[in-house]
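Thanks for taking a look at this one with me.

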Amino acid sequence: MSDLAITGLLILSLFLILGSGVWIGLTLSGVAWIGMQLFSSRPAGDAMAVTIWGSSSSWTLTALPLFIWMGEILFRTRLSQDMFKGLAPWVQGLPGRLLHTNVVGCTIFAAVSGSSAATCATIGKMTLPELTRRGYPEKMVIGTLAGASTLGLLIPPSIIMIVYGVTAEVSISKLFIAGVLPGVLLAALFSGYIMFWALRHPDQVPAADRQMGLLDKLRESRALIPVVLLIAAVLGSIYTGIATATEAAAVGVVGSLALSAAQGSLNWASFRDALMGATRLYCMIALILAGAAFLTLAMGYIGLPRHLAEWISSLGLSQAQLVVALAVFYIVLGCFLDGISMVVLTMGVLMPTVNAAGIDPIWFGIFVVLVVEMAQITPPVGFNLFVLQGMTGKQLPWIARVAAPMFLLMCAAVTLIYVFPGIVTWLPQQMTAR
């Protein structure tokens, strides 16, 4: 059979099994088993056992459940209630006023969550009722929240960065630090858009609340200070080389438990709920990673990654053309798959091509996270769109339409990190220099 026919058969098998309602982790293992059984001489059962055990027992992967647990603990503190009250006084003077709480709130919560869906749901519960009650236009409230909540993937600690680091064999600590400046850049683009819109439509922006002095602002924000310090401790320990990503995750869990206890929100019920929530989410991700590892091995035995890399090389694409082609590929793929599945399905095939093109794997990781962020707000399978639909009752096409400017800003961010790669690579290089 030709490579094209084998690829077509495996893709058909993938969609048939997915369409029948089987979990995606088991689907990936099933497709890998079909490939090994039909097109390889190695026994599929032996390969599956060795690969799944190897991928599941990775020490690097330990950071993932710890960061998920940290986010779950903080999700159950009073952070979400206190955040709006703490942020509002600081953004009153900006064009667009309280609309900026969507962006700043998502940026802060992204640094303790790692999940865009969790960021969208938590900040949405806080800002949607408040901003609507105060008279801010619904399309701007929902549109800016849809875009800003994707920062959960880019601002470290990010679940998808850990998944990429494990599958692409790249330093997770460097990925985390590499995501800081692009995350700040994207947040600045979102806030810049809000200011631009507000200056063009001043009549649609409600009047400011009473002015506060510096001491009053600090008093209102006192509940946020411990969270900011916890974020600084986690990222600072990684950046300075004091801790690995896994050790920093443990620091984050201990710190979030201490913060929760200090706020009075830590009890047996909240501890159990946080632990079980983190366990359920990690088990789902671990199953997907195990299936993807087996599928990567199967494709390696069949020879598909090598043939694909050779085919792409034969096209004679420049580095810029390859980046554009991969961006389009991931955006289209994101219309049908969630971000983690996209990463684990494609890394085994694409990394040889990326390395051959001379693209820095750290830079490529941030690029992938950015284009996966776009997929979070593109129909029909944009996860953040579904979260917002459930929270607002609006139709999916309407939410996608009001989020479209955010999608275009993400395209601009991808262009900027390509033209100025130092935005991604400068901080990791400073780590190396230490």
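Predicted model: local features only at pLDDT ≥ 70, side-chain atom pairs only at ≥ 80, totals over all residues.

1. The chain is built with 23 helices and zero strands. Its radius of gyration is 22 Å, close to the 22 Å that the globule rule gives for 434 residues, so the chain is as compact as a globular protein of that length.

2. For a sense of scale, the C-alpha trace spans about 75 × 50 × 50 Å along its principal axes. Among contacts with a separation of 6 or more, 79% come from residues 24 or more positions apart.

3. Of the 434 residues, 51% count as buried. The chain exposes about 18,300 Å², and 68% of that area is supplied by carbon and sulfur atoms.

4. On charge, you will find 21 positive and 17 negative side chains. The centres of these two sets lie 9 Å apart.

5. Which residues of α21 are buried? Within this helix, which covers residues 383–392, they are Asn384, Leu385 and Leu388. Viewed down the axis of α21, the buried residues fall within an arc of 100°, so they line one face of the helix.

6. What covers those buried residues? The cover of the buried residues of α21 includes α7 (116–133), α8 (138–148) and α22 (396–419).

7. Finally, have a look at what comes after α21: the helix is followed by Gly393, which has a positive phi, near 80°.

Note on methods: Residues numbered from 1 in each chain as written. Heavy atoms only, no water. Helix = DSSP H or I, 4+ residues; strand = E, 2+ residues; numbered from the N terminus. Rg over C-alpha atoms; globule rule 2.2 N^0.38 Å. Buried < 20%, exposed > 50% of the residue type's maximum accessible area, 1.4 Å probe, protein only. Contact = heavy atoms within 4.5 Å. Areas by Shrake-Rupley, 256 points an atom, 1.4 Å probe, with all protein chains shown as cover. Lys, Arg positive; Asp, Glu negative; His and termini not counted. Charge placed at Lys NZ, Arg CZ, Asp CG, Glu CD. Arc of directions from axis to C-beta.
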